[in-house]
Amino acid sequence: MLMCGGDILHMGAVSLDRVVRAELAMELDLGLASSFLVLAEEGHYGRAAARLHVTSPALTKRIQRLERQLGVVLLQRGPAGVLRVTAAGLRFAEAAGPLLAHAEAARQAARQSPARYTVRIGVPAGARPSLARVDLAKITHDLHRSHPEAHFTCHDIAFPELNECLSDKTVDVLWTSAPVRNSTVDSHPLNADTALVGVVGARHRWAEAGSVDVGAFCDEPMLFNPAVSEEWMAPFWLADIRPRREARLVETLATDADHVLLGVAGGDTVMTSVASDGPRLGPGLRAVTLIGAARMSFHAARRRADRRGAVLGLIEAFEALPADTFAEAEPYAPPSTRSLSSRPS
């Protein structure tokens with residue numbers, strides 16, 4: 001029996017092995033078929049041979065080989081080289097014409113260069129410096145060697161647009177810190193993750209702390225963008241530590257990482273960021289290690305229907321990133337000698 005799409009097709013006494021052997025034994029030389037069509041059209045060996053640029057004996061051998069392959073007689077030969085196509089020959093000629101046309105179309109398609117296209121990679125706006133260890137340039141260079149038809153570009157996506165940038169085709173692959181909640185999108189969890197750090201202003205009482213317990217950090221007023229969906233914001237205001245009703249969230253409409261950082265400098269509000277952002281903090285900011293904080297995970301998302309080779313290859317390259325991709329950036333060590341493991345006085 002043969003399994004087909006979940007259904008079982010009973011084939012009676014004919015076994016699958018016998019069917020497979022019969023199919024393998026059926027060999028049809030398309031060149032011989034093409035010669036037969038010319039011969040059937042001309043109705044004469046000499047004229048057909050001249051048209052095919054072969055001798056009449058060579059053409060005769062071709063037709064004999066074709067008849068052996070098909071197991072039928074295609075032509076009745078007259079004494080003067082005049083031919084009569086048999087009923088089997090007429091049926092074969094009718095079927096062979098479209099077959100040869102399809103074969104030629106397939107040959108041309110195989111020889112054509114694939115259509116060029118662009119793969120647009122989206123990253124949260126302002127996050128490119130923190131993703132430097134991913135080495136997008138090398139990944140896309142390697143992919144271009146196996147997919148020369150593909151061109152890659154990178155785009156900063158404003159925070160409120162992260163959920164829609166795939167479905168509206170602004171980008172084709174999105175690097176994210178959370179899965180995209182959309183039925184037309186597939187989000188692929190990645191092995192690589194990173195530590196979270198707290199970011200405070202240079203005049204904040206924790207500016208020189210070095211490290212602080214994550215529970216104490218959660219008691220501080222923390223920046224929060226209400227225009228960004230919950231799954232994107234939750235890791236950054238440490239939603240796993242306490243419920244939202246207990247969080248002291250301060251609204252900001254900043255749409256990129258740089259403007260969020262500006263909202264922290266010189267004020268009492270704090271924020272979290274990935275550890276690899278530490279080295280790019282300006283003089284008005286400090287990073288503190290968050291003791292007990294969960295690690296930030298990443299996802300690579302694409303439209304489910306987008307099966308282009310370079311898109312799938314890019315997802316596979318992101319999935320192949322080692323778990324310690326961001327390890328060299330951790331732990332971040334700001335210039336400090338004091339550590340806080342409880343709420344400051």
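The protein exposes about 18,500 Å², of which carbon and sulfur atoms supply 55%; accessible areas come from the Shrake-Rupley method with a 1.4 Å probe, and for residues only the protein chains shown count as cover. The model is predicted: local features need pLDDT of at least 70, side-chain atom pairs count only at pLDDT 80 or more, and totals for chains, interfaces and linings use all residues. Residues are numbered from 1 along each chain as its sequence is written, and side-chain values use heavy atoms, with hydrogens and water left out.

Of the 345 residues, 41% count as buried (buried is under 20% relative accessible area, exposed over 50%, and partly exposed in between, with a 1.4 Å probe and protein chains only). The protein has 10 helices and 16 strands, taken as DSSP runs numbered from the N terminus (helices H or I, at least four residues; strands E, at least two). Among contacts (heavy atoms within 4.5 Å) between residues at least 6 apart in sequence, 75% join residues at least 24 apart.

The largest nonpolar core has 72 residues; such a core is a set of buried Ala, Val, Leu, Ile, Met, Phe, Trp, Tyr and Cys residues joined through side-chain atoms within 4.5 Å. Trp175, Phe217 and Phe318 have the most contacts inside this core. Helix H10 (residues 309-319) gives the most to it, with 5 residues. A second, separate core of 17 residues includes Val38, Ala48, Leu75 and Leu100.

Leaving aside residues up to four places away in sequence, Phe217 touches residues including Trp206, Met222, Leu238, Met271 and Leu290. Leu238 is found in the loop between helix H8 (230-233) and strand E12 (249-251). Its phi is near 60 degrees, a positive value in a residue other than glycine. Leu238 is buried, with a relative accessible area of 2%. A positive phi, near 60 degrees, is also found at His53, in the loop between helix H3 (45-52) and helix H4 (56-70). His53 counts as exposed, at 75% relative accessibility.

Helix H5 (residues 87-111) has 25 residues and spans 37 Å from its first C-alpha to its last, close to the 36 Å expected at 1.5 Å a residue (1.5 Å times one less than the number of residues). At Ala96, H5 bends by about 30 degrees, and Pro98 follows within four residues; the bend is the angle between axes fitted to the seven residues ending at a position and the seven starting there. Ala88, Gly89, Phe92, Ala96 and Leu100 are the buried residues of H5. They pack against helix H2 (30-42), H4 and strand E4 (83-85).
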